[in-house]
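Colleague: I would like to go through this model with the terms spelled out. Please show it first.

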Amino acid sequence: MTHRPPAEHGAPADAEARRAVAPVICYPVDALRPPALEAYRTARAGWAKVAEVVIPPRDARCFEVAAGRFFRIVSIEGPQVGDLNLWAAGNLGERFFSGKTRALHGTHVTTGHRLWSSLPYLRPLATITEDTLDWYGFDRHGGGVHDVIGTRCDPYTHRLLSGGTYHHCCHSNLTRALARHAEMTLAEAEPHVHDVLNVFMCTGFTRDTGQYFMKASPVRPGDHLELFAEIDLVAALSACPGGDCSSEHSSDEAACHPLLVEIYRPKTPPAGWTSPAPNSYDRTHGSGLS
Ligand SMILES: [Zn+2]
């Protein structure tokens, strides 16, 4: 099918005036206290690396990061995209909320942005403290890096579009990793897998048709995305079967590389930092009940 059928309705006389209305930012974030990046960065001095996890190509691993520690997702060996899920340790019901993170910070995240948790918690799970790809910005196609607009490659969409079966999509990799880590069955683990942060992936929407696109990631070995855990986290990272996502991502065709996760414990927490509490809305939803 064509992406968008031609319009069936003629434009009104004032169509151009209506189109010319200036956009308004939905969620001005001026009210949010900006992260104290200097304090986070100062806390890195003398930190100790306490763990390393290698994510094999076309597979995923879980790892835990205690509140107040940093973790880096590092490109090694070759350009590779990673799909990241985050949960509150001890409560898989609180998890990364890609949609609200997008609404608050935009389509692609970088240093100083936060990864927010699902309702009714809505608090920062992690803060991005360094992004070696921050120079990329937005390219002439409208592409940017580290998006919160994609979902994750999955075997259901693959089947819908091609009829085939592929077992190493990020959705399946994350499901297997969580099942192993949380000692659950695959059926128990799968509903906890959620829309990801697409680490190192370069994506955007086409201006003419509004379609989601990807292109070869600009990441190179040595690049990393560094995050600070605001609460105790369980994380899962999949090394996408799409590799650098320059062509497709539901097959074994693409060149794939491992990813490295490094976890660091600072000597002292960042000055003035406290782990954020869940959102304080009273959850009565206008019922008059409390
Ligand atoms: Zn993927």
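Colleague: Where does Glu 77 lie?

Modeller: Glu 77 lies in the loop between strands E3 and E4 (82–88). Helices (H or I, at least four residues) and strands (E, at least two) are DSSP runs, numbered from the N terminus. The model is predicted, so local features need pLDDT of at least 70 and side-chain atom pairs count only at pLDDT 80 or more, while totals for chains, interfaces and linings use all residues. Residues are numbered from 1 along each chain as its sequence is written.

Colleague: Why is Glu 77 called partly exposed?

Modeller: A residue is buried if 20 or more other C-beta atoms, placed from the backbone, lie within 10 Å of its own, exposed if 12 or fewer, and partly exposed in between. Glu 77 has 13 such atoms within 10 Å, so it is partly exposed.

Colleague: What is the phi of Glu 77?

Modeller: Phi of Glu 77 is positive, about 70°, although the residue is not a glycine. Most residues other than glycine have a negative phi. His 146, in strand E8 (residues 144–147), also has a positive phi, near 65°.

Colleague: Is His 146 buried or exposed?

Modeller: His 146 has 28 other C-beta atoms within 10 Å, so by the cut-off it is buried.

Colleague: How do you know that the peptide bond between Leu 119 and Pro 120 is cis?

Modeller: Omega of that bond is about 5°. Most peptide bonds are trans. Pro 120 lies in the loop between E6 and strand E7 (124–131).

Colleague: What makes E3 and E11 a pair?

Modeller: Two strands pair if DSSP finds at least two bridges between them. E3 (residues 70–75) and E11 (residues 224–229) have 5 bridges and run antiparallel, so they pair. In E11, the partner of Phe 71 is Leu 227, and that of Phe 70 is Phe 228. E3 is also joined to E13 (residues 259–265) by 6 bridges, again antiparallel. There, Phe 71 stands opposite Ile 263.

Colleague: Why is E3 called largely enclosed?

Modeller: 5 of its 6 residues are buried, so the rest of the structure largely encloses E3.

Colleague: What is the order of the strands in the open sheet?

Modeller: The order of the 6 strands is E1-E13-E3-E11-E7-E6, with antiparallel pairing.

Colleague: How do you know that the buried residues of H3 line one face?

Modeller: The buried residues of helix H3 (residues 98–105) are Ser 98, Thr 101 and His 105. Seen down the axis of H3, they fall within an arc of 60° (taken from the directions from the helix axis to the C-beta atoms), so they line one face. An α-helix has 3.6 residues a turn, so residues three or four places apart point the same way. The buried residues of H3 pack against E6 and strand E9 (197–205).

Colleague: Which residues have the most contacts inside the largest nonpolar core?

Modeller: They are Leu 86, Leu 233 and Leu 237, in a core of 59 residues. Strand E12 (residues 233–239) gives the largest share, 6 residues. A nonpolar core is a set of buried Ala, Val, Leu, Ile, Met, Phe, Trp, Tyr and Cys residues joined through C-beta atoms within 7 Å. Contact means C-beta atoms, placed from the backbone, within 7 Å. Leaving aside neighbours within four places in sequence, the contacts of Leu 237 include Ile 55, Ile 73, Leu 84 and Val 261.

Notes. Contact = placed C-beta atoms within 7 Å.
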